[in-house]
Amino acid sequence: MDPINPGPDEHGQTHGRRPPRDSLTSDFAPGTPAPARMVQIVAGDLQLTVNPVDGSEIEPCPPAQRPGTPRKRTADERAETERAARPPVPPGPAQPVLSLLERQDERERLVRLLARGRSVRLTGPGGSGRTALLDLVAEDCADLAPDGVVRLNGFHRTAGDVLHDLFHAVHDAPRHRPGPDELLARVREIGAVVVLDDLEFGGAALDELLDATPECAFLLGATPDVPAPSAESEVEEVFLTGLDRAAGVEILERTVGRVLTEEEANWAGDLWFESEGLPLRFVQAGALLRQRDELRASTGAVDEYGVFEDVRPPADTSADLDDDVPLPSLGDAAAPAPLLASRLGASARAALRFAVALGGEIPHQAHLPALVGDTHADAALGELAACGLVSPVGSRYRLAAGVRTQLEAAGYAEDAPGRALTAALHYAWWAGHPSVTPERVSVEADAVLAALAAVVPQTTPPVEGEESSAVRLARTAAPAFAAGLHWSAWERALRSGAEAARLAGAVPEQAYFHHELGIHALCVGQLDRARAELEVSGGLRGALADKRGAVAGRRALALLADRSGEVPGPPARTGEEAPEAGQEEAAPRPYAPADDTLVTRQLPQAGPQGGGIRSMVRRNLVAVGSGALLAAVLGTVITLGMTSDQDGDRNPAGRVEVNPSAGQEIGDGGQEADPAGTGSGSDGGTGPAAGRPASPGPDGRYGTADDPAPPTDTARPSESIAPSGSGSPSGSPSKSPKPSGSSGSSGGSTGGTTGGTSGGSTGGSTGGSTGGSSGGSTGGTTGGTTGGTTGGSTGGTTGGSTGGSTGGTTGDTTGGSTGGSTGTTTDGGTTGGDSGGTTTGGTDAGTSGSAGGTSSSASASESARGATAEVM
């Protein structure tokens, strides 16, 4: 006999072998390779990159990566999608399929209404057989619509979630979540019979769903506590009632597999009266009778064959078998869950405890071995389904109506916190495993969220080196929900995670969850909530110096400002006064958009919120004014440069020398004129010149009495800087420093700069700074022609007379004063007095010349003030 390939042996017997159990790793290791957790999703016109480390990033979707028009699934693909959406078949022996009793009239009516394109709501309490009736009607309507029958579930789903589920059930669009406009356009083209069970909304939300899908006929299943449809929706209502007594007895006989005894029939009558004919109560009662038969059969087998006779306690053999296992009481039949659970296996009872801890959610059968600690615990789901303790909800199972309350009363919730923590640790490991796809995590979303909701209230700050189980579960499950396009579960996980992080004191985790909540709100179009969440996250990350996370937050805020039509920058002050000078303003927010972020701005919309427009206009006006001021300043500088003296290096009044031209005496505290003459020399004071001492003398200062006498040298006309109007034909210094000498240097500087280049110092001194254009130009032409042509020392006299006369005539009062102050002789002072129109002659003209010298150079100003002080 081959041990590998067993077959019939020579005796004609066949060796049976238990069929191998299906691999439990099929859900953990699918055939296709699992995508990485870094997933890119196209949400409307945005591209979302799910990043579970630093936070998701969002940006406008490039045109090359935008998906095209999604195609509709074929009939075979729709059938495969429908099969995958059904709950898994529990392992173990196949259970008999019970036919629906006394529901034929409702079934035919529903089909007729759907065939006419009407939407119908089937209302019935839990356990009335509503789901089973919907399945039968869906089979009858398979060929009514071009897109067939679409099965959806409304448990914990909103109207928007149902629309997205409908879109993905009909279209093949992986990693694509259409925007609101595109979604409405696509679902409007769908023509299908939509079977939506466990509906949880009505009224306006249901009207929104029906208006968005005019080509669909909806078959809705809901409980009586769900809000009714509005009168304008034109939805037909069909109510399910309980079964009669004969139908209840028939369900009991089908469940037990035999005819009931008279005692059992009477017991079934009492149960029908108490349960109001709900089919679920008769299914559970039939499970009680079947367990009673199994107990009686096991007891009889032990008595007959003596199995485990040595370990059996002594029993009264005279007792009747019927008395050993009596019929359940009416109270036990009305609330049969504790009694049914007590007769199940240990794994099934442990699974019930986990379900109670998770709010009624039954973990997938693939998770039960790891949770319970039994390799065969997956078979517990079959036991629970056979007893009527669980019912299908979408693609999973939940505790049947009323079972959770009955089990909690029986003590199954005593260790609920510990069970929830175990489930949270398991799901945190499983959801973060690289082999588990986001779609698989999305299918298990309700159990994961139930575990998360159960462990968040008991979260405490962990010890050093440990991580909160609730925070870890939220961090691993939330990105999977986002990548699996289950965005309602994504939002619930993020909110639970933010609360858990707050309780645990994990500031980095709080920043992550608030950032993700902002991204989610931005994707669904809730801009105000997105701004609030991103600002909170930016503040936390700024305090933590998280540069990478802060960059992602600033990019999201920049995109938010772009989509809301705002102009980035500080908000406009409305109803507040501008801060006073010296008042410290608030520091800029750490989440302000970076300057290097490139976004496309939209023009702000004119509306009630005009702060952004007023701020932009104000900034534009300030910018225009600043530009005009800058242009004026630049024009002034350029004009002065173009009209300046080309031989400015020979004009000492236009230069500031290292050594001062006037010194302050210690005795009198005043300033006196430089005895050597400030304007002497053509090198600007960089070396010895004509009329200047060669060395400062013993005291180290120029302009004092101990300075050695300069060498006698008559300056050439080109080197002489004698002021115009001066009677001295040479640049020799005057031994008596008078105001006119200093003023002559000042007036020469002013006139040389303003009056033009031809007149030089002669015409310039006549015009002064005030008469610049008229006096300087006229005087410069006349004085320059006359004095310059004559040349030599004689030309200084002639030019001075002519320039002084012209400056006094053309210039204003200041020009005349300057001309008068320039003269160094009595004749020059008289000319200046006549020209300037003053009555004080040389004295007043010197004072005015001092003022004009102040406009030209600091050296002339010092000389003028020294001369004035001496006169006074």
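With which residue does R548 form a salt bridge? The partner of R548 is D54, and the closest N and O atoms of the pair are 3.0 Å apart. A salt bridge is counted where a side-chain nitrogen of Lys or Arg lies within 4 Å of a carboxyl oxygen of Asp or Glu. The pair links distant parts of the chain, with R548 in helix 24 (residues 547–564) and D54 in the loop between strand 2 (46–50) and strand 3 (57–60), 494 residues apart. Helices (H or I, at least four residues) and strands (E, at least two) are DSSP runs, numbered from the N terminus.

The structure is a predicted model, in which local features need pLDDT of at least 70 and side-chain atom pairs count only at pLDDT 80 or more, while totals for chains, interfaces and linings use all residues. Residues are numbered from 1 along each chain as its sequence is written, and side-chain values use heavy atoms, with hydrogens and water left out. The predictor's confidence in each residue, pLDDT, runs from 0 to 100. The protein averages a pLDDT of 72, and 61% of the residues score at least 70. Over residues 648–691 pLDDT stays under 50, and the model has 75 contacts beyond four places in sequence for this stretch; a contact means heavy atoms within 4.5 Å. Residues 711–872 also stay under 50, with 208 contacts beyond four places in sequence. Where pLDDT is low, the predicted coordinates should not be read in detail.

By the rule given above, the count comes to 34 salt bridges. Accessibility is classed as buried under 20% relative accessible area, exposed over 50% and partly exposed in between (1.4 Å probe, protein chains only). In the R548 pair, R548 is exposed at 63% relative accessibility, whereas D54 is buried at 17%. A further salt bridge joins E77 and R71, with the closest N and O atoms 3.0 Å apart. E77 is partly exposed, at 27%, and R71 is partly exposed, at 40%. The side chains of R151 and E82 also meet in a salt bridge, at 2.6 Å from N to O. R151 belongs to strand 6 (residues 149–153) and E82 to helix 1 (residues 75–85), so this pair ties together parts 69 residues apart in sequence. R151 is partly exposed at 21%, and E82 is partly exposed at 22%. Salt bridges with shared partners join E82, R86, D135 and R151 into one network.

Strands pair if DSSP finds at least two bridges between them. Strand 9 (residues 193–197) and strand 10 (residues 217–222) pair in the parallel sense over four bridges, and V193 has A217 in strand 10 as its bridge partner.
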